[in-house]
Amino acid sequence: MNKIRLFSFLLLIFSLDSAYGVEVVSHKPAFAESKQSHSLKYQPLKTASKAWKICAVYPHLKDSYWLSVNYGMVEHAKELGVKLKVLEAGGYPNLAKQQAQILDCRQWGAEAIILGTVDSTAYDGMLSQLTGNIPVFATINDINMNDPDTRKNITAKVGVDWYDMGQKTGEFLAARHPRGSGIVNIALLPGPAKRGGTKPVTQGFRDAVKDSDINIVTTRWADNSKELQRNLIQELLAGGLHLDYIVGGAVAAEVAISELRANEKSNQISVVSTYLSHGVYRGLRRGKILFAPTDKMAQQAMLSIDQAVRHLENKPIQRDVSPLIEGLTPTHLPRKVITDSLSPAEFRPAFNVFDHQVQR
């Protein structure tokens, strides 16, 4: 199958998802700490009544995780025939830039804003000042719903609890190394400190391995850039620590493969990722990465666009939904799960979708 045919095939699968529904987890009451969760078949819209103006703000587009989010939004926006404007802050430290971009959305005349926040508490007490009366839809990254101003201005959200992503990763390793089986040493590289989902991922991982023979010898933080993650791994390998695993975010896991190979340690140190990316997927297929959970980011992005349009058209809406997290290994890589997660190889970042509807 050549690249063009493969791309068309993946688009077909994406369209079939829209036609026949996707299985998600719905949480009620929405945004509550104590809520009931149940799975359901979510039926995405097939078209919008008008070309609504939707503005999406991301933390960055540095890695293929957010590229896949971009893909999911762009494809569903085209499918529905709505206008989509995308802005990205360039990294988790860039809160001021992201706040300015929300004002840009407002100036553009956005009728809905989809917000992937750089920090869960970044908008405490101030979201309404930035967005005015524009409905806001939280996506991917958690946002502090205990803040009264945030809670008042968030209409709906899509996202998994990143604690669960870390927990699922930890459970994989805890099952391999139960208590009494022999201590193994872990270097944990979650990503940027106190940004995105790294704090709950770390806590979920630690809780999952606390009764096993997993020993976390060091935890090191850096933004999700290959250069910074490579620096951390090079420091680890030069530091003389005895390590059995490097466990980290997707960028760290991708870099670890090449650094371990260069240092002739691929057979001594194994790699585990706390989330999926294109590089992690390749690593899984080649047996270079042992495990990664996926939160189906392309599917989440589609759901966020769908929530926004449903709200604008006064249609029934699931206000608090998550995809089903699935653990992936070299021997378990279901095609459907991958297409719900990753953008096709040919996809490039798209920042504007105007008056373009997919031909059916």
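Quick housekeeping, then. Since the model is predicted, local features need pLDDT of at least 70, side-chain atom pairs count only at pLDDT 80 or more, and totals for chains, interfaces and linings use all residues. Residues are numbered from 1 along each chain as its sequence is written, and side-chain values use heavy atoms, with hydrogens and water left out.

Let's start with the sheet. Helices (H or I, at least four residues) and strands (E, at least two) are DSSP runs, numbered from the N terminus. Two strands pair if DSSP finds at least two bridges between them. On that basis we have an open sheet of nine strands with mixed pairing, in the order β2-β1-β13-β7-β6-β5-β3-β4-β15. At the edges sit β2 (36-42) and β15 (352-353), each pairing on one side only. Helix α2, residues 64-80, packs on this sheet and touches β3, β4, β5, β6 and β15; contact here is heavy atoms within 4.5 Å. The direction of α2 makes about 175 degrees with that of β3. For those angles, axes are lines fitted to C-alpha atoms, for helices over the stretch in contact, and the range is 0 to 180 degrees between N-to-C directions.

Further along, β7 (154-158) and β13 (320-323) run parallel, joined by two bridges, and Val158 stands opposite Val321 in β13. Helix α11, residues 297-312, lies across a set of strands including β1, β2 and β13, at about 155 degrees to β7.

Now for α3, residues 95-108. (The expected span is 1.5 Å times one less than the number of residues.) Gln98, Gln99, Gln101, Ile102, Cys105 and Trp108 are the buried residues of α3, where buried is under 20% relative accessible area, exposed over 50%, and partly exposed in between, with a 1.4 Å probe and protein chains only. Their cover includes β3, β4, β5 and α4. Just after the helix, Gly109 takes a positive phi of about 95 degrees.

Which cysteines form a disulfide? Cys55 and Cys105 do, with sulfur atoms 2.0 Å apart; the cut-off for the sulfur pair is within 2.5 Å. Cys55 is in strand β3 and Cys105 in helix α3, so the pair ties together parts 50 residues apart in sequence. The link is left-handed, at -60 degrees about the S-S bond, and both cysteines are buried.
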